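Q: I have a structure open and would like to go through parts of it. Can we start with a term I will need?

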Amino acid sequence: MNLIVVSNRVARGKPNEPMTGGLAAALLPVVEHSGAIWVGSSGRVRDGHQKEPFAEIEALGTGAIATLDLPAAHYGGYYEGFANSALWPALHSRSDLIRVSRDDYVSYREVNAFMARALMRFRKEKTAFWVQDYHFLALGAELRDLGVDDPIGFFLHTPWPVAAVMQGVPNHRELIMAMLAYDLLGFQTNEDCQNFLAYAGSELDLTIDDGVVLSQHGRTRCEVFPIGIDAEKFAAYAAKSASHPDVSRLRRSLNGERLAIGVDRLDYSKGLVNRISAFDRLWTEQPQFARSISLLQIANPSRGAIEAYGNLQNEVARLVTDVNGRHGEVDWTPIRYLNKGFSQAVLAGLYRTAQIGVVTPLHDGMNLVAKEYVAAQNPADPGVLVLSKFAGAANELDTALLVNPHDIDGMARAIAVAAAMPLTERKMRWDAMMKKLRGHTIQQWSADFVAELEKCRTEKAAVAPLAAQPPQALRWLKSAISGVRLI
């Protein structure tokens, strides 16, 4: 089977390329080893005069990357508009932050249609399409409109909220009906999957049978595929990282104090304000931890043109300055705050140096940083993961110290417990988490999804002969979809 992977952005896997968890880091090994073609945005735009979408292609392991210049007239409305000012806040249950216009939705659909046309040049016999994330919810429907009958799957890297929140997204019914053009919809957690099925049943009045939604597009299977990492590769990075200048300088600067580390995109879903407030509370209420534990917070800026992100960047910077001003000494900085990214090889060394990993999003699809922190630890002296119960990773990494990121006092207490945890307990918790990571790797995630997508081809082939039969043979299908309410 020829696999075409589609996402908004791609990663090239260069050793020194900054990368912080997430979709790009997850897909990189999949493409390198599967022979897939990974198609995404080049980060550049063009006017609408080119005859067909322009693609640059380069090798990536056994696979390849193809990057496209997206249409200038629609890119802003698509990316900063509908995708990140309507869908992103809604998917993270922040409907109060939705800021979008009708033109933004039009641009979102136009870019989805543009990408569908671009993908046709890569289509071969026995092709399957695997579309990634909220930027391309409607891409499957656009491919169907072009006559594609190959298997098309979609994986959502973010959460999926309850129906009442999705109803706050303009054109939500039209958009989610378009999603049902996919043969397979993958979600990070069972809660996300059930929320989607509940919407399809209550809002669209569709028939659902054992996770399969029946619509005007046919059958759409909804399943859970928790995303993993290459734990052994990340552990190898960490073991080799001691000689890297960034890592060795950090170790020399600690002077025996314990280090906590947080690595996030600068996004309101990551709970950075709450996390910094918890450290502030720790140093205020338990002053014995002053000078004995500090925080390295790496927060790579993103989407700065969107008001909510600009406001957050300013708020976090002010808070860090305030906390450092009140608790710092001439020879000690409580919070080291960096607004830049690091390669995975360097991050692994930074994780290994830190005795505490703080991953405390308010809401997250999975959060691969949590898994990377665990994989990077020294088996003989592992650190402790403090993890939000609202991250998808909490379903697997249940021997972490699970916290409610809205409970500032509770997080401060958890950080204190982590700092004082004896080696025996640290090893017990780490062993249990590492066993989960080895059993649910990124390779297994991709293999499971692609195998399920291939089953869709077999199911279609089995159903196809029915189309040539008299109407009576399709009576069951007509009955199944009789409740569809078109939009």
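A: Contact here means heavy atoms within 4.5 Å. Keep in mind that this is a predicted model.

Q: OK, which strands does helix α14 lie across?
A: Helix α14, residues 408-420, lies across β11, β12, β14, β15 and β16. It runs at about 170 degrees to β16.

Q: And what does helix α9 lie across?
A: Helix α9 (residues 245-254) lies across β11, β12 and β13, and its angle to β13 is about 160 degrees.

Q: What is the order of the strands in the open sheet?
A: The order of the six strands is β13-β12-β11-β14-β15-β16, and the pairing is parallel. β13 (335-338) and β16 (401-403) are at the edges with a single partner strand each, so one side of each has no neighbour in the sheet.

Q: How many bridges join β14 to β15?
A: Four bridges join them. Valine 358 stands opposite valine 386 in β15.

Q: New topic: how many salt bridges are there?
A: The count is 27. One of them joins glutamate 174 and arginine 109, with the closest N and O atoms 3.5 Å apart. Glutamate 174 is in helix α6 and arginine 109 in helix α3, so the pair ties together parts 65 residues apart in sequence.

Q: Is arginine 109 buried or exposed?
A: Arginine 109 counts as buried, because its relative accessibility is 17% and the cut-off for buried is under 20%. Glutamate 174 is partly exposed at 34%.

Q: What about arginine 275, which residue does it form a salt bridge with?
A: Its partner is aspartate 264, with the closest N and O atoms 2.7 Å apart. Arginine 275 and aspartate 264 are both buried.

Methods. Residues numbered from 1 in each chain as written. Predicted model: local features only at pLDDT ≥ 70, side-chain atom pairs only at ≥ 80, totals over all residues. Heavy atoms only, no water. Pairing = 2+ DSSP bridges. Helix = DSSP H or I, 4+ residues; strand = E, 2+ residues; numbered from the N terminus. Axes fitted to C-alpha atoms, helices over the stretch in contact; angles between N-to-C directions. Salt bridge = Lys/Arg side-chain N within 4 Å of Asp/Glu carboxyl O. Buried < 20%, exposed > 50% of the residue type's maximum accessible area, 1.4 Å probe, protein only.
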